[in-house]
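Welcome to this tour. Open your viewer, get ready to select residues, and follow along one stop at a time.

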Amino acid sequence: MNKNDFYYAQDVVASFKQCIISNIFSTGLQVQRFQIRFEDIKHATNRVRLSPAIIDGYLEFLGQQGIEAFSDGVFSIMCEVDLTRTYLTPAEAESISSNMNAYYTRIAYEQSS
């Protein structure tokens, strides 16, 4: 992986985490599955093709972030992001806490009505 790959991978991971964090208020779930298409990687990194070594680099990076990932070998990388196992920034951790509290408050209010 080169510098562009790392920037793209970091952006993808941040997007996945933000998506889950935003949905916590309505679902209460901290786990979601995502897909990173090879075409998106090629487009973001100005590549014509992806070698197996580059794909392995993405898988290794995702694993280092606490994300389970595997490649289908043809079209994409499949990821399962579990915020209870993924490394978080302080701001992400605070957002999760706030959204979980709002979710539990909403559920308690709905059950008391």
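Start by selecting helix H1 and colouring Asp5, Tyr8, Ala9, Val12, Val13, Phe16, Lys17, Ile20, Ile21 and Ile24, which are buried (under 20% relative accessible area with a 1.4 Å probe, protein chains only). Helices here are DSSP runs of H or I with at least four residues, strands are runs of E with at least two, and both are numbered from the N terminus. This is a predicted model, in which local features need pLDDT of at least 70, side-chain atom pairs count only at pLDDT 80 or more, and totals for chains, interfaces and linings use all residues. Residues are numbered from 1 along each chain as its sequence is written, and side-chain values use heavy atoms, leaving out hydrogens and water.

Next, show what the buried residues of H1 pack against: strand E1 (31-37), helix H2 (38-45), helix H3 (52-64), strand E3 (76-82) and helix H4 (90-112).

Now visit the two ends of H1. At its start, a side-chain oxygen of Asn2 comes to within 2.9 Å of the backbone nitrogen of Asn4. Just after the helix, click on Gly28, which has a positive phi of about 80 degrees.

Which residues touch the most other members of the largest nonpolar core? Select Ile36, Ile41 and Ile77, from a core of 25 residues. A nonpolar core is a set of buried Ala, Val, Leu, Ile, Met, Phe, Trp, Tyr and Cys residues joined through side-chain atoms within 4.5 Å. H1 gives the most to this core, with eight residues.

Finally, zoom out: the chain has four helices and three strands, running α-β-α-α-β-β-α from the N terminus.

Terms used. Buried means under 20% relative accessible area, exposed over 50%, partly exposed in between (1.4 Å probe, protein chains only). Contact means heavy atoms within 4.5 Å. A polar contact is a pair of N or O atoms within 3.5 Å; within protein, one must be able to donate a hydrogen and the other to accept it, and residues adjacent in sequence count only if both atoms are side-chain atoms.
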